[in-house]
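Colleague: I've got the sequence and the model open side by side. Can we walk through them together?

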Amino acid sequence: MPDRVLRYGLSALALAILGLIVFFFVRLVGQAQPAFSKFGVVGFVFTNNWNVNAEQFGALPLVVGTLITSGLALLMGVPVAVAAALYLSELCPRVARGALTILLELLAAVPSVVYGLWGIFFLAPKLQPAEQWVADRLSFVPFIGGGVVTIPNYFIAGLILAIMILPIVSAISREVMATVPADHKEASLALGATRWEMIRMAVLPYCRSGIVGGAMLGLGRAIGETIAVTIVIGNAPQLGKHLFGQGYTLAAVIANEFGEATGLHRSALFAAGLVLFVLTLIVNALARLFVIRAGRRTGGPTANVEPEPGAQPLAPPPAAAATATGGGSGGGGGR
Amino acid sequence: MSEDRLARLALSGRRKFKDRAVRGAMLGATVVALVPLVLILYYLVHKGLSAWSASFFTTDPTGQSFFANKGVGGIRSALLGTIVMVALASAIAVPVGIGVALWLVEYGKDSWLAKVVRFFVDVLTGVPSILFGLFIYIVLIVGTGTSFAGYKGSLALALLMLPIVTRSAEVVLLLVPDALRESALALGAPRWRMVARVVLPTARAGLVTGSLLAVARAAGETAPLLFTAAFTYKTSFNLGGFMNSLPVQIFNDVTSPTEALVNRAWGAALALVVLVLLLNLSARLISRTGRVA
Amino acid sequence: MSERATIRPVEVSTPQAKPAAPAAPSTTTTTQAPTIAVEELRAFYGRAEQLKGIDVELPANQVTAIIGPSGCGKSTLVRCINRMHEEVPGAHAEGRVLLDGRNLYDPAVDVTAVRRVIGMVFQKPNPFPTMSIFDNVAAGRRLTAGRRAGMREKVERALRGAGLWEEVHERLSEPGMGLSGGQQQRLCIARSLAVEPDAILMDEPCSALDPIATLKIEELIAELKRTVTIVIVTHNMQQAARVADRTVFMLDGRLVEVGPTKQIFTNPHDPRTEEYVTGKFG
């Protein structure tokens with residue numbers, strides 16, 4: 001009897017999670033309905049006019065702001081994260097590895113509001129002269145140069161996001177790198193490869209889809225990040241003229257305006273939430289696909305990659321798992 | 001002949017340079033990645049400590065910041081509100097999260113339903129935290145026609161914690177060797193006893209670690225609380241009413257800044273980071289001392 | 001040492017024939033390969049001493065087999081010869097490995113050059129999973145040669161040398177992982193041949209293969225020694241007897257006995273060798 005209680009109780013819990021998400025989606029669509037029926041779904045997403053007083057809600061400036069800031073975050077964050085992951089997993093002396101890894105993961109523990117606080121009162125003012133210098137020098141480049149640099153701007157938001165996604169991208173990259181069989185690395189070294197040539201020959205090709213997956217999980221985070229961006233982006237509901245100008249994002253508009261919103265405005269904010277939801281769903285689903293594919297190829301534990309920083313110490317030593325599963329058939333490994 | 005070949009095949013300057021340059025760049029990237037952490041911690045301590053005083057922790061924020069630049073009060077209500085709301089959120093999310101993980105590992109396994117559940121748990125991990133706030137708002141505030149309340153904030157935080165707890169618990173439960181399960185079942189123990197006596201105790205350290213990390217994450221979240229628990233100055237233990245929290249108070253102070261409020265924000269941020277880091281470090285210590293299997 | 005010549009099936013050392021680079025194996029040409037001398041070699045994993053002072057000579061253009069029970073250090077010994085041992089975290093080696101008199105552990109010697117000159121074939125076939133057959137073979141050469149012309153001939157020569165050309169020449173652009181286990185291992189041999197090494201170390205190259213694939217590799221080894229010096233670690237004494245000119249018996253990180261294969265298996269001098277080769281332990 002208790003067995004069945006346990007079994008069905010736990011099954012009910014699991015099903016409740018499914019129900020919860022579907023329920024949320026349906027209710028969110030319901031709340032967004034007035035805005036969508038007034039402006040149309042396409043009209044809402046692609047109209048460049050967010051004017052609360054005129055009751056006009058076209059979310060294009062928010063969508064573009066979200067894409068610009070999270071794109072910047074990828075551009076700046078991923079190369080650093082992957083390079084740091086390579087350093088920690090392939091080059092770092094063993095004594096320093098543990099400490100450096102923990103420090104890097106602590107970056108993920110800093111609350112978002114603290115990033116915002118630091119970003120607006122330290123980072124943005126300190127970087128403003130440098131940004132202005134770049135903007136002046138590159139005044140002939142559209143979108144980057146020419147304008148007046150404001151303290152809160154797209155670039156600062158992207159930079160803060162880059163710092164925030166760094167630990168996740170790096171942690172997943174490291175997990176994938178740990179599944180590269182020692183055989184492949186030794187094969188390249190035995191051909192007379194240097195460390196870098198070994199990384200290029202044996203490590204990177206093997207990890208490509210896992211790293212892409214990690215980057216996309218980071219992108220998902222960047223798209224959905226709210227509070228830090230709200231603090232440093234300036235919350236100006238128009239398409240920013242240039243990189244160092246103020247903007248807005250989907251998440252920020254909700255955090256900033258929801259408190260005072262009523263009627264159509266509130267519905268438009270729900271609609272913005274829905275767009276954000278769908279956007280992150282797509283990005284995350286793609287990311288999972290890549291990470292799972294990487295995990296399936298190696299038979300390692302990457303399919304279970306949990307993007308939280310703390311999952312690292314919990315996971316089984318990936319190298320051991322990889323050799324245990326990889327030992328069976330040389331041909332089964334596939335591509 | 002070999003001697004010539006050894007010399008001839010030695011790394012060319014170009015290859016050697018490339019190797020060194022790339023290794024240097026990777027070390028550089030690691031340093032660059034750690035610079036923000038150092039800067040943030042430095043500024044937090046530098047600015048935060050000067051805001052700290054005994055009364056900082058024992059007084060509520062006053063809201064008298066519009067005309068005077070002093071007497072803005074401390075963070076008592078925020079600190080207590082965070083603790084109370086996160087405690088309730090944990091009380092919900094940890095059992096449910098571990099329960100779902102148990103189902104996945106012990107019953108669902110590789111069935112299609114388990115795959116669907118796993119996928120949706122992954123989806124939940126990727127949902128922006130502000131949407132959890134919106135969700136609770138739609139269901140418990142629009143849906144019931146009532147106002148903000150501490151327990152609604154807790155529920156939003158619990159939703160946020162749930163996938164984190166489930167994911168880490170699943171990893172840990174999978175580490176419990178099947179041989180242990182089988183030997184318990186072979187002794188005639190029913191499955192629930194096997195789970196209660198063998199699986200959970202074996203995985204305990206890992207479960208605690210995962211849960212603590214989820215708690216740390218929830219404690220630092222602002223967005224889910226904005227439209228669920230809202231904001232108040234007063235200390236309150238009434239989960240049915242408005243509640244203050246550290247992240248929300250910091251957010252409010254940052255977005256309507258006067259010098260005194262910004263100083264209070266730094267002090268509160270230092271307190272929040274200390275709280276979160278303590279949770280994080282204790283999670284790591286536990287996972288180090290009590291590893292599964 | 002004089003009895004060595006009588007044991008060896010073919011006398012291959014012809015010091016006069018000395019082309020600039022080793023040619024691909026064929027039935028007619030032979031190339032002078034170097035002699036490898038190991039002197040006072042000690043190898044460590046952390047503090048644990050795995051090799052406790054090894055002195056042995058591995059003669060040119062011969063196949064030397066290293067046998068011994070698991071954990072005796074035979075793999076460590078070959079991995080010390082091309083300095084792969086030091087790639088294991090925490091591992092290091094002391095002593096000398098002389099390649100025609102040149103100490104490979106000399107600080108002035110470039111470790112990547114050592115590995116170019118002394119190739120290695122591993123226990124498990126390990127072609128690069130993301131590369132085609134062609135790219136696998138070309139991988140080593142590309143490190144130094146870039147994408148210069150002539151790569152095709154080099155790849156063909158290496159594949160012929162590994163006895164794989166006939167089987168794969170029509171599908172060079174297919175992934176190396178698509179081959180059978182034995183073919184993969186020969187692909188790995190081709191990969192090390194492509195950089196034209198003077199010696200090849202084989203660490204239990206057939207332990208993951210079926211008997212027919214094993215036979216092919218053994219025939220290949222007999223061919224290859226015309227151009228390179230070969231050291232093969234094996235746990236299979238029949239294999240040692242079949243392919244090796246000389247056999248080294250190791251125990252507990254020490255060298256017990258070395259001699260012509262026939263003598264080691266039929267008339268060992270050391271009682272421990274006798275116990276091992278007659279199957280009393282190990």
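Colleague: Let's start where two helices meet. Which residues of helix 1 of chain A meet helix 9 of chain B, and which residues there do they meet?
Modeller: Keep in mind that this is a predicted model. On the helix 9 side of chain B, look for B:Arg191, B:Trp192 and B:Val195. Their partners in helix 1 of chain A are A:Pro2, A:Asp3 and A:Leu6.

Colleague: How are helix 1 of chain A and helix 9 of chain B oriented to each other?
Modeller: The axes of the two helices lie 7 Å apart, at an angle of about 75 degrees. Angles of 65 to 115 degrees count as roughly perpendicular. Helix 1 of chain A and helix 9 of chain B are therefore roughly perpendicular.

Colleague: And by class, how do the residues of that contact between helix 1 of chain A and helix 9 of chain B divide?
Modeller: The contact includes A:Asp3 and B:Arg191. Sorted by class, the residues come out as four nonpolar, no polar and two charged.

Colleague: Helix 1 of chain A also packs on helix 4 of chain B. What is the angle there, and how far apart are the axes?
Modeller: Here we're looking at residues 2-39 of chain A against residues 76-108 of chain B. This pair is roughly perpendicular too, and helix 1 of chain A passes helix 4 of chain B in a left-handed crossing. The angle is about 115 degrees and the axes are 8 Å apart.

Colleague: Which residues make the contact between helix 1 of chain A and helix 4 of chain B?
Modeller: From helix 4 of chain B come B:Val96, B:Gly99, B:Val100, B:Leu102, B:Trp103, B:Tyr107 and B:Gly108. By class, the residues of this contact are nine nonpolar, three polar and one charged. Helix 1 of chain A brings A:Arg7, A:Leu10, A:Ser11, A:Leu13, A:Ala14 and A:Ile17.

Colleague: Zooming out, which helix gives the most to the side of chain B that touches chain A?
Modeller: The contact takes 80 residues from chain B and 74 residues from chain A. One element of chain B, spanning residues 13-51, gives 17 residues to that side, and this is helix 2. On the whole, the side of chain B divides into 56 nonpolar, 15 polar and nine charged residues. So the name you want, going by those DSSP runs, is helix 2 of chain B.

Colleague: How many residues does the contact between chain B and chain C take from each chain?
Modeller: By class, the side of chain B that touches chain C has five nonpolar, one polar and two charged residues. The totals are eight residues from chain B and 11 from chain C.

Colleague: Chain B is split into domains. How far apart are the centres of domain 1 and domain 2 of chain B?
Modeller: Domain 1 of chain B covers 2-51, and domain 2 covers 76-289. Six residues of domain 1 are in contact with seven residues of domain 2. Taken over C-alpha atoms, the centres are separated by 36 Å.

Colleague: Is A:Ala73 buried or exposed?
Modeller: A:Ala73 sits in helix 3 of chain A, residues 60-91. Its contacts beyond four places in sequence are A:Gly158, A:Leu161, A:Ala162, A:Ile165 and A:Ala222. Buried takes 20 or more other C-beta atoms within 10 Å. A:Ala73 has 28, so the answer is buried.

Colleague: Over in chain C, what distance separates the C-alpha atoms of C:Ala65 and C:Ile230?
Modeller: C:Ala65 belongs to strand 3 of chain C, residues 63-67, and is buried, with 27 other C-beta atoms within 10 Å. Residues touched by C:Ala65 include C:Ile232, C:Thr234 and C:Ala240. C:Ala65 and C:Ile230 are 165 residues apart along the chain, and their C-alpha atoms are separated by 8.4 Å.

Colleague: What share of the residues in chain C is buried?
Modeller: Chain C has 11 helices and 10 strands. Among its contacts with a separation of 6 or more, 68% come from residues 24 or more positions apart. Of the 282 residues in chain C, the buried share is 52%.

Colleague: Last one: how many residues of helix 12 of chain B are buried?
Modeller: Helix 12 of chain B runs over residues 246-255 and is mostly covered. Among the buried residues are B:Leu246, B:Phe251 and B:Val254.

Notes. Residues are numbered from 1 along each chain as its sequence is written. Chains are lettered from A and ligands numbered from 1 in the order in which they are written. This is a predicted model: local features need pLDDT of at least 70, side-chain atom pairs count only at pLDDT 80 or more; totals for chains, interfaces and linings use all residues. Helices (H or I, at least four residues) and strands (E, at least two) are DSSP runs, numbered from the N terminus. Ala, Val, Leu, Ile, Met, Phe, Trp, Tyr, Cys and Pro count as nonpolar, Asp, Glu, Lys and Arg as charged, and the others, Gly among them, as polar. Domain bounds come from an automatic or database domain assignment. A residue is buried if 20 or more other C-beta atoms lie within 10 Å of its own, exposed if 12 or fewer, and partly exposed in between; C-beta atoms are placed from the backbone. Axes are lines fitted to C-alpha atoms, for helices over the stretch in contact, and angles run from 0 to 180 degrees between N-to-C directions. Angles under 35 degrees count as roughly parallel, over 145 as roughly antiparallel, 65 to 115 as roughly perpendicular and the rest as oblique. A crossing is left-handed if the near helix is turned anticlockwise from the far one by less than a right angle, and right-handed if clockwise.
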